[in-house]
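Hello,

Here is the structure we spoke about. My notes on it follow below.

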Amino acid sequence: MSQQACRLEKEITKKVTLEYWLHLPENYDRDSGSKFPVILFLHGSGERGSDLSAVKVHGVPHIADQDPSFPFIAISPQCPDHSDWNAEKDAVIAVLDEVMAAYPTDPARVYLTGLSMGGYGAWQLAAEHPGRFAAVVPVCGGGNPHHAAALAETPIWAFHGAKDDVVPLSESEMMVEAIQAAGGDVKLTVYPEANHDSWTETYDNRDVYDWLLAHSLNNSKRDQ
């Protein structure tokens, strides 16, 4: 007999490296006793690489750069060249854990958002870590509708451009419909005239941040 059934059982250690921007609100005071909400932002494919300044072009790090009072501890990692957020998901969670251990953060108010490739990353990360994020905002991304049950307990507000010719609107619609069928707390905003750039209007909208802050893991089913 030339083959035998075998089994490997072994613990392994994985080394991860990820550069990231960290924003602290201007009213941040480590000794105040206050715990701050956290927002994790995943950029799109165009900002991959080793030039960290590219991450500030769009989304949360761009907003935080313009507004020192942005009321979150914001974490904006950079995905390396020739990689994607699914491949870097262990590193992303490691960064989140590191920041939360080092700063006075509120574990009940941790939020996740991303655009395009980062929108896909947001759908994926939220599905793999149910109960970790109080609310999620995926922008012009998509995911696996088979993950709907894992996402059903997380409030989600998705955004997409109706004329998107890079990531079709159907990618967001498919996820939203699947989560609704699973009884989830999800809604979709479609910009009728927008192409792929549905992120500028989304991240410029203060209502998005108010909506996020209206949710916590202690009360994740608040009225929207």
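**Notes on the model**

Gly131 is exposed, at 52% relative accessible area (exposed means over 50%, buried under 20%, partly exposed in between, with a 1.4 Å probe and protein chains only). This is a predicted model, in which local features need pLDDT of at least 70 and side-chain atom pairs count only at pLDDT 80 or more, while totals for chains, interfaces and linings use all residues. Residues are numbered from 1 along each chain as its sequence is written, and side-chain values use heavy atoms, with hydrogens and water left out.

Gly131 sits in the loop between α3 (117–128) and β5 (135–139); helices (H or I, at least four residues) and strands (E, at least two) are DSSP runs, numbered from the N terminus. Its C-alpha atom is 7.7 Å from that of Glu153, 22 residues apart along the chain.

**Cysteines and phi angles**

The whole structure contains zero disulfides (pairs of cysteine sulfur atoms within 2.5 Å). For Cys79, the nearest cysteine sulfur is that of Cys140, 16 Å away, which is too far for a bond. Cys79 is buried, with a relative accessible area of 0%, and Cys140 is buried with a value of 0%.

Most residues other than glycine have a negative phi. Cys140, in the loop between β5 and α4 (148–151), has a positive phi of about 40 degrees. Ser116 has a positive phi of about 55 degrees. Ser116 lies in the loop between β4 (105–115) and α3 and is buried, at 11% relative accessible area.

**Glu171**

Glu171 belongs to helix α5 (residues 169–181). Glu171 is buried but has no salt bridge (a side-chain nitrogen of Lys or Arg within 4 Å of a carboxyl oxygen of Asp or Glu). The nearest side chain of opposite charge is Arg48, 15 Å away; Lys and Arg count as positive, Asp and Glu as negative, and His and the chain ends are not counted. The side chain of Glu171 does make a polar contact of 2.9 Å with that of Tyr120 (N or O atoms within 3.5 Å, one able to donate a hydrogen and the other to accept it; residues adjacent in sequence count only if both atoms are side-chain atoms).

**Helix α7**

In α7 (residues 206–213), the buried residues are Val208, Tyr209, Trp211 and Leu212. They lie on the same side of α7 because they cover an arc of only 155 degrees around the axis, taken from the directions from the helix axis to the C-beta atoms. Asn205 caps the N-terminal end of α7, with a side-chain oxygen 2.9 Å from the backbone nitrogen of Asp207.

Regards
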